[in-house]
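Notebook open, structure loaded. Here is what I looked up, in the order I got to it.

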Amino acid sequence: MQKQNSKKKFLEKLYISLSFYFGDDDCDSLIKDYEEWFENEEMAEKSEHEICSGLGKPFDIARNLYKDSKEGKIKRDTIMKNKLATLV
């Protein structure tokens with residue numbers, strides 16, 4: 001398993017991962033949030049490696065953001081309704 005050790009690499013992988021779930025505008029907005037996070041953590045004298053390690057894997061972040069989004073909840077609800085309908 002390759003660890004993220006730079007801000008640039010982490011944000012690139014995060015953007016790619018987010019693009020599987022969100023449109024360009026949402027990806028850009030989310031990346032800006034993570035850039036701010038890096039800035040704040042760097043001001044607290046944390047290294048890029050420490051920040052990346054603390055955030056976790058970019059794909060997991062993107063998947064969790066999608067699951068927590070309204071779009072993700074609607075999709076899960078539809079899947080569950082379809083599964084329940086097959087059981088009846």
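**Helix 4.** I started with helix 4, residues 58–68, and asked which of its residues are buried. Pro58, Ile61, Ala62 and Tyr66 are. Buried here means under 20% relative accessible area, exposed means over 50%, and partly exposed is in between, with a 1.4 Å probe and protein chains only. Looking down the axis of helix 4, I find its buried residues within an arc of 130°, so they line one face of the helix. That arc is taken from the directions from the helix axis to the C-beta atoms.

**Ground rules.** I am working on a predicted model, so I noted that local features need pLDDT of at least 70 and side-chain atom pairs count only at pLDDT 80 or more, while totals for chains, interfaces and linings use all residues. Residues are numbered from 1 along each chain as its sequence is written, and side-chain values use heavy atoms, with hydrogens and water left out.

**Overall layout.** I get 5 helices and 0 strands for the chain, in the order α-α-α-α-α along the sequence. Helices (H or I, at least four residues) and strands (E, at least two) are DSSP runs, numbered from the N terminus. Of the 88 residues in the chain, 27% count as buried. For contacts, meaning heavy atoms within 4.5 Å, I looked at separations of 6 or more: residues 24 or more positions apart account for 57% of them.

**Ser17.** Next I went to Ser17, which sits in helix 1 (residues 7–19). Is Ser17 buried or exposed? Its relative accessibility is 8%, so Ser17 counts as buried. Not counting residues up to four places away in sequence, Ser17 touches Pro58, Phe59 and Ala62.

**Aromatics.** I count 4 aromatic pairs in the structure. The rule for a pair is that ring centres of Phe, Tyr and Trp (its six-membered ring) lie within 6.5 Å; planes under 30 degrees apart count as stacked, over 60 as edge-to-face and the rest as tilted. Tyr21, Phe22, Phe59 and Tyr66 form one aromatic cluster.

**Cysteines.** How many disulfides does the whole structure hold? My search finds 0, taking a disulfide as a pair of cysteine sulfur atoms within 2.5 Å. Cys27 is buried, at a relative accessible area of 0%, and Cys52 is buried as well, at 2%.

**Ser6.** Leaving aside neighbours within four places in sequence, Ser6 is in contact with Glu48 and Cys52. Ser6 is partly exposed, with a relative accessible area of 22%. Its C-alpha is 9.5 Å from that of Glu50, 44 residues away along the chain.

Last stop was Glu41, in helix 2 (residues 24–43). Glu41 is buried at 15% relative accessible area. With neighbours within four places in sequence left aside, Glu41 is in contact with Lys46 and Ile51. The side chains of Glu41 and Lys46 make a polar contact at 2.9 Å. By the rule, that is a pair of N or O atoms within 3.5 Å; within protein, one must be able to donate a hydrogen and the other to accept it, and residues adjacent in sequence count only if both atoms are side-chain atoms. Glu45 is in the loop between helix 2 and helix 3, and at 74% relative accessibility Glu45 counts as exposed. I flagged its phi, near 65°, as a positive value in a residue other than glycine.
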